Amino acid sequence: MRWIFLAVALACVAVLGVAWLRPTPSTQQSQPRADEAMAALAYPEPLPVSAAPAYDPPSEACNDGGAYAPAAARNGQSLDGLAFKPFGRPEIGWRIYAPQVAVEIASTCSFDSAGFANALAGWQRAHGLPPTGLMDPATFDVMRVRWHMKRPFVILNRAVGCPPPPPPSALVAAEPKYVYGAKVIQLRGDAMASYRRMVADARAADPAIARDPLALKIFSGYRSPEENDLTCLLQGGCDNVSRAPCSAHRTGLAFDIVVGSAPGGRVDSTADFNRLAMSQSPAYRWLVRNAHRYGFVNYVFEPWHWEWSPPEQRGARRA
Ligand SMILES: [Zn+2]
């Protein structure tokens, strides 16, 4: 009982502390609207949201052994054996990220095939890396940065700092049929409209997605700066990998979407076994190949986290 009282008291102190740390309402009113701020500020161009490869992919001959058969064999081993730290945390194997890698190098071959290694070598050559055809930490790191640079939120945050939240009038509540569980989830109206179109198309395109009543439902959307700060405070800080001190969710453009989970795993667990299961789900595979057409970009460490890019901020528009 004493512990419960202590926990409640601590939470109250934290809330009051955060409220004190945040700007006063009058200060907030003087801040520019999020969309105006993002549109008006000059910041580095994001990479195109489009999945178009940044090199000329070779014609696909997946089983053509050729020069890349040895690389294919080694990729087959490293898929579940490569020791690296793709996001700062030690991991074994790159299979979780293989669907994104396949889209990046424009290959539809299996990840351990000579065709895949050949495509990877072409991508490496185009990005100033030795064309080994092998997935290695240096190659992954160049891809990781490219994927980050497709997120306008990341670029804006780095260039000018944490963006302000949208005005309440820009937010809409997701209809219950799109919500995982029973809660109110708010998102920016234009982002929500794109999401609805995307879900309808995904269900029409893939029977496995249509059969799964939970697939692609939203389990988190807009989260206020105060909520963001409180989460960091209660968790003893945010590491900027699994928790961000400036979360994209404050923009009302970030969706956490159900893409499955492993038995015993949550829809938002970063445990590697859980993310591996997500990366192989029909919903995630479809999103990786198609979500860009609706303006959505994935934070690749979290298969469930997708950010919507307002059309004026999509590099593809200008390309
Ligand atoms: Zn998220």
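A cavity, in these notes, is a set of grid points where a 1.4 Å probe fits but cannot get out, and its lining residues have an atom within 4 Å of a point. I am working from a predicted model.

Entry 1: I then turned to the second largest cavity, whose volume is about 70 Å³. Twelve residues line this cavity, and those nearest its centre are Phe153, Thr251, Leu253, Glu307 and Trp308. Helix H8 (152–160) and strand E8 (305–308) are the elements that each give two or more residues to this lining. Sorted by class, I found eight nonpolar, three polar and one charged residues there.

**Entry 2: the chain overall.** I stepped back and found 14 helices and eight strands in the protein chain. The chain has 319 residues, and 46% of them count as buried.

Entry 3: I picked out glutamine 100, which sits in helix H5 (residues 98–104). Is glutamine 100 buried or exposed? Its relative accessibility is 10%, so I noted it as buried, the cut-off being under 20%. Setting aside neighbours within four places in sequence, I listed its contacts: Trp147, Tyr284, Val288, Asn298, Val300 and Trp306. I also checked glutamine 100 against arginine 285: they are 185 residues apart in sequence, yet 8.8 Å apart in space, C-alpha to C-alpha.

Conventions
Residues numbered from 1 in each chain as written. Predicted model: local features only at pLDDT ≥ 70, side-chain atom pairs only at ≥ 80, totals over all residues. Heavy atoms only, no water. Helix = DSSP H or I, 4+ residues; strand = E, 2+ residues; numbered from the N terminus. Buried < 20%, exposed > 50% of the residue type's maximum accessible area, 1.4 Å probe, protein only. 1 Å grid on protein atoms, 1.4 Å probe; cavity = no way out; pocket = protein on both sides within 12 Å on 5 of 7 lines; lining within 4 Å. Points joined across faces, edges and corners; volume = space filled by probe spheres on them. Nonpolar A, V, L, I, M, F, W, Y, C, P; charged D, E, K, R; others polar. Contact = heavy atoms within 4.5 Å.
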